[in-house]
Amino acid sequence: MFSLKSSISSPFTQSTTHGLFTNPITRPVYPLPRTVSFTVTASMIPKKSSANMIPRNPPARQQLYQPFRPPSSPIPTKFRSLDSAGKIEVLAGRMALWFEYAPLISSLYTDGFTPPSIEELTGISSIEQNRLIVGAQVRDSILQSIHEPELIAAFDTGGAELLYEIRLLSTTQRVAAATFIIDRNIDSKGAQDLARAIKDYPNRRGDVGWLDFDYNLPGDCLSFLYYRQSRENKNPSEQRTSMLLQALGVAESEKAKNKLNTELYGEKEEEKEKEKKKKEEEVKAIRIPVVRLKFGEVAGASSVVVLPVCKAEEGEKKILEAPMEIIAGGEFKVVEAEKGWKRWVVLPGWNPVAAIGKGGVAVSFRDDRKVLPWDGKEEPLLVVTDRLRNVVEADDGYYLVVAENGLKLEKGSELKAREVKESLGMVVLVVRPPREDDEDWQTSHQNWD
């Protein structure tokens, strides 16, 4: 028989007076010492178990340390065993394809050689050394993003100069530009103009003719560059006509070709009147809010909205299947949907979003150039859509519709012209992801026309 006296005196001790637990924070309780008695029998004493004992010969511990493994070398396997003299011999004799011996130049830099010394030993100038190194890096980035051996093989001979010119483009743009260069047999000067045109196109928004070219097509970007240069010459003049013909030769979209044909050969009176009305409509264009979400904005919002998310590439079916109604009830505002769903997003309670109520859905696009072609930043977007307002009524409103190449946004007036009466829903807001390097944190109302 053992006798234990409790000496616990803590503000966290709970009192069971009247069968109720008192809140330990608002009302601390200090119970009186009490005596507890109990009997210990032999059956209560635990027996030693071999399972709980340390074995005499414990198993060897697993080796957790993993040695450092440097990244794979860009140098081809057949050249990795060469010393500096062997590398110089390969470069001097051009004893491989250009992208195979290009990494040897960087390797010689590491060994202490300088561009002038390499030029003296191999005959490769400093400028050409840089072109080879950068061209090989661009080739590797394209090779990692696509699986088209024919496109890559087209640059095996003399491709360093062409790939070097598109070095400033993103990987997606490099692939498109490389494809266009091969299809149109563009030289290095044309590749340089192409890269410059693609980088410069978004900054030319508002210029004459800007809306008639498609930013997603490399040929249209280059065509717009030549079109702008044609406007620097007198009308009419041989220089202007020559630049317009050059622009027409690289244009890809029908809209761009029609624009250039009009500049070259004029337009009929009916087309002039139609173009005039179109411009009048553009003046009255609706301004759709495009919002850049801030870091921590959801956490600091006084109210939020929960919406189901559908991927644009999943198509119409998923959008129709998404929950129509999400209800927040009870004192804790527990959110409950009418059906289970895989993806959700929480947005601040902005007025356009909060006004949707039932039927809201956020459609995610992986590339914003499909939604905002004039202001593409190659980043994902969320297009908040009201599915209950699927009837095409507002001429100046934008609606989510199904097109041949997937989902897209179209203006109500254009849908009415094609006698389209229903859509997947009306667009109320476009949301960009948060980004530290974006200076425009405020809500911007972009003119979609």
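Because the model is predicted, local features need pLDDT of at least 70 and side-chain atom pairs count only at pLDDT 80 or more, whereas totals for chains, interfaces and linings use all residues. Residues are numbered from 1 along each chain as its sequence is written, and side-chain values use heavy atoms, with hydrogens and water left out.

The chain contains 16 helices and 13 strands, these being DSSP runs numbered from the N terminus (H or I and at least four residues for helices, E and at least two for strands). Of its 449 residues, 36% count as buried, a term that means under 20% relative accessible area, while exposed means over 50% and partly exposed lies in between (1.4 Å probe, protein chains only). Among contacts (heavy atoms within 4.5 Å) between residues at least 6 apart in sequence, 64% join residues at least 24 apart.

Two helix pairs illustrate the packing. Two packed helices are described by the angle between their axes and the distance between the axes; here the axes are lines fitted to C-alpha atoms, for helices over the stretch in contact, and angles run from 0 to 180 degrees between N-to-C directions. Helix 1 (residues 84-93) packs against helix 2 (residues 98-110) at an angle of about 140 degrees, with 10 Å between the axes. Helix 1 is therefore oblique to helix 2, since angles under 35 degrees count as roughly parallel, over 145 as roughly antiparallel, 65 to 115 as roughly perpendicular and the rest as oblique. On the side of helix 1 the contact is made by Ser84, Lys87, Ile88, Val90 and Leu91, and on the side of helix 2 by Tyr101, Leu104, Ile105, Ser107 and Leu108. These residues divide into 7 nonpolar, 2 polar and 1 charged, where Ala, Val, Leu, Ile, Met, Phe, Trp, Tyr, Cys and Pro count as nonpolar, Asp, Glu, Lys and Arg as charged, and the others, Gly among them, as polar.

Helix 2 also packs with helix 4 (residues 126-145), at an angle of about 120 degrees and with the axes 8 Å apart, so that these two helices are oblique to each other. Their crossing is left-handed, and among the residues that make the contact are Trp98, Phe99 and Tyr101 of helix 2 and Leu132, Ile133 and Arg139 of helix 4. By class, this contact has 9 nonpolar, 3 polar and 1 charged residues.

Leucine 104, which is found in helix 2, is buried, with a relative accessible area of 0%. Leaving aside neighbours within four places in sequence, leucine 104 is in contact with Ile75, Phe79, Lys87, Val90 and Leu91. Proline 308, in strand 4 (residues 304-311), likewise counts as buried at 0% relative accessibility. The C-alpha atoms of proline 308 and tryptophan 344 are separated by 4.5 Å, although the two residues are 36 residues apart along the chain. Not counting residues up to four places away in sequence, the residues that proline 308 touches include Ala322, Pro323, Trp341 and Arg387.

Attention now turns to the backbone. Most residues other than glycine have a negative phi, and most peptide bonds are trans. Asparagine 185, however, has a positive phi of about 55 degrees although it is not a glycine; this residue is found in the loop between helix 7 (171-184) and helix 8 (188-200) and is exposed, with a relative accessible area of 70%. Phi of glutamate 419 is near 60 degrees, also a positive value in a residue other than glycine, and glutamate 419 lies in the loop between helix 16 (412-417) and strand 12 (425-432), where it counts as exposed at 70% relative accessibility. The peptide bond from asparagine 235 to proline 236 is cis, with omega near 0 degrees, and proline 236 lies in the loop between helix 9 (218-230) and helix 10 (238-250).

Key
Left-handed = near helix turned anticlockwise from the far one by under 90°.
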